[in-house]
Amino acid sequence: MTVLRRTNVLVIETTGRRTGRRRSTPVAYWMWDDGNYYVGGGAAGMTTVPDWVANLRANPAAAVIVKRRRVTVHAEELTGDAYDKARSHAVELWPVVPKYERMSGRRVPYFRLCPANGPA
């Protein structure tokens, strides 16, 4: 676990949607009791969707590095009640999320990253 500004950070490895190359990006995350990793694509209020989000949408097979351990994951973009629950939790963890949404003019996407071999 890496801590940046008191936030847990993992490195997500995606496949570049145009290049096919592996891309690594540090992303803040949280876990719930289900053993999955949860991440949001707020990107500090950037108006464009982060590349890692676009890459996951194109290919949900990915990996995360947490506590120096690489875990293969499958990404699911959250919708409906699952999205609302994740967003609410993100706002509790990071009160600046609504500001990022306003700055970006877009809805922040949230993903559940499910370990390939079951819960982490």
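Modeller: What follows goes through the salt bridges pair by pair. This is a predicted model, in which local features need pLDDT of at least 70 and side-chain atom pairs count only at pLDDT 80 or more, while totals for chains, interfaces and linings use all residues. Residues are numbered from 1 along each chain as its sequence is written, and side-chain values use heavy atoms, with hydrogens and water left out.

A search of the whole structure finds six salt bridges, each being a side-chain nitrogen of Lys or Arg within 4 Å of a carboxyl oxygen of Asp or Glu. In one of them, glutamate 13 pairs with arginine 70, with the closest N and O atoms 2.7 Å apart. Because glutamate 13 belongs to strand β2 (residues 7-15) and arginine 70 to strand β6 (residues 69-77), this pair ties together parts that are 57 residues apart in sequence; strands are DSSP runs of E, at least two residues long, and helices are runs of H or I of at least four, numbered from the N terminus. Glutamate 13 is buried, at a relative accessible area of 7%, where buried means under 20%, exposed over 50% and partly exposed in between, using a 1.4 Å probe and protein chains only.

Another salt bridge joins the side chains of arginine 112 and glutamate 76 at 2.8 Å, N to O. Arginine 112 lies in strand β7 (residues 110-115) and glutamate 76 in strand β6, so parts 36 residues apart in sequence are tied together. Glutamate 76 is partly exposed, with 32% relative accessibility. Through shared partners, salt bridges also join Glu13, Arg22 and Arg70 into one network.
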